[in-house]
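Dear colleague,

I am passing on the structure below, together with some notes on what came out of it. Please have it open while you read.

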Amino acid sequence: MHSFGTFTILSLAAAATISAAPTATTAEEASNTVTLTGVTHSVIAGLGHSLFDPDNVVADIGDVVEWHFLPQNHSIAQSNFAEPCQPLSDGTSFFSGFNFVTQQNQAPDVFQIVVKDKNPIWYYCPGQIHCQEGMVGVINQQFDNPDFSLSKYKELAAETRISIVPPVQQGGDVIANPNPLGGF
Ligand SMILES: *[C@@H]1O[C@H](CO)[C@@H](O)[C@H](O)[C@H]1NC(C)=O
Ligand SMILES: [Cu+2]
């Protein structure tokens, strides 16, 4: 019994090491909690070097938001409104990892998330000083509340000194581009 306990602890340690590696929520897992609508919103990451286009997306629950990556080394990470350029403090931020490096044209892979509720989703590129330069975006901004606008979020982002890269890739899927012309 005692040695079994030791074995269990070792197994848990091994499992903990594995789960620290990048993981992804699949659309299949997501569809357990929301019904997918089949609608995809494409966003270009890296337009004019460091912008998102469109940077303001209105999506329904069950829609997919899909980022396509232009040169050179961009990434997608979730923040809250008041603290741009850094991940959520509760560790739940989605983060695509830096998996889209390309010197020209768009990267072969895209990043997808499923919209699970109608709350605003604020996000940024944690590469270099892109967030400070305005590489930020929102899904489902509340347009009737000017205190929480995308332009205000950009102002707050420009005032930060550095960007923080989230520690864990999670909360979405990195997949081969299913929609090469999406967003272009
Ligand atoms: C992309 O940027 C990230 C964050 O700065 C860095 O860790 C990574 O090495 C970069 N990748 C390449 C290929 O430059
Ligand atoms: Cu970037």
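This is a predicted model: local features need pLDDT of at least 70, side-chain atom pairs count only at pLDDT 80 or more; totals for chains, interfaces and linings use all residues.

Residues are numbered from 1 along each chain as its sequence is written, while chains are lettered from A and ligands numbered from 1 in the order in which they are written.

Helices (H or I, at least four residues) and strands (E, at least two) are DSSP runs numbered from the N terminus, and two strands are said to pair if DSSP finds at least two bridges between them. On that basis there is an open sheet of five strands with mixed pairing, in the order β2-β1-β4-β6-β9. Its edge strands, each pairing on one side only, are β2 (52–53) and β9 (173–176). Within the sheet, β1 (residues 40–45) and β4 (residues 64–69) are parallel and share six bridges, with Thr40 having Val64 of β4 as its bridge partner.

Strand β7 (residues 121–124) runs antiparallel to β5, to which three bridges join it, and Ser79 has Trp122 of β7 as its bridge partner. β7 also pairs in the antiparallel sense with β8 (residues 136–139), over four bridges, where Ile121 stands opposite Ile139. Both faces of β7 are covered, since Ile121 and Tyr123 on one side and Trp122 and Tyr124 on the other are all buried (20 or more other C-beta atoms, placed from the backbone, within 10 Å of a residue's own).

Ligand 1 is surrounded by Asn73, Phe98, Val101, Gly127 and Val165, each with its C-beta atom, placed from the backbone, within 6 Å of the ligand.

Lastly, Pro87 lies in the loop between β5 (77–79) and β6 (109–114), and it counts as buried because it has 23 C-beta neighbours inside 10 Å. Pro87 and Val165 are 78 residues apart in sequence, yet 7.4 Å apart in space, C-alpha to C-alpha.

How values were computed
A residue is buried if 20 or more other C-beta atoms lie within 10 Å of its own, exposed if 12 or fewer, and partly exposed in between; C-beta atoms are placed from the backbone.
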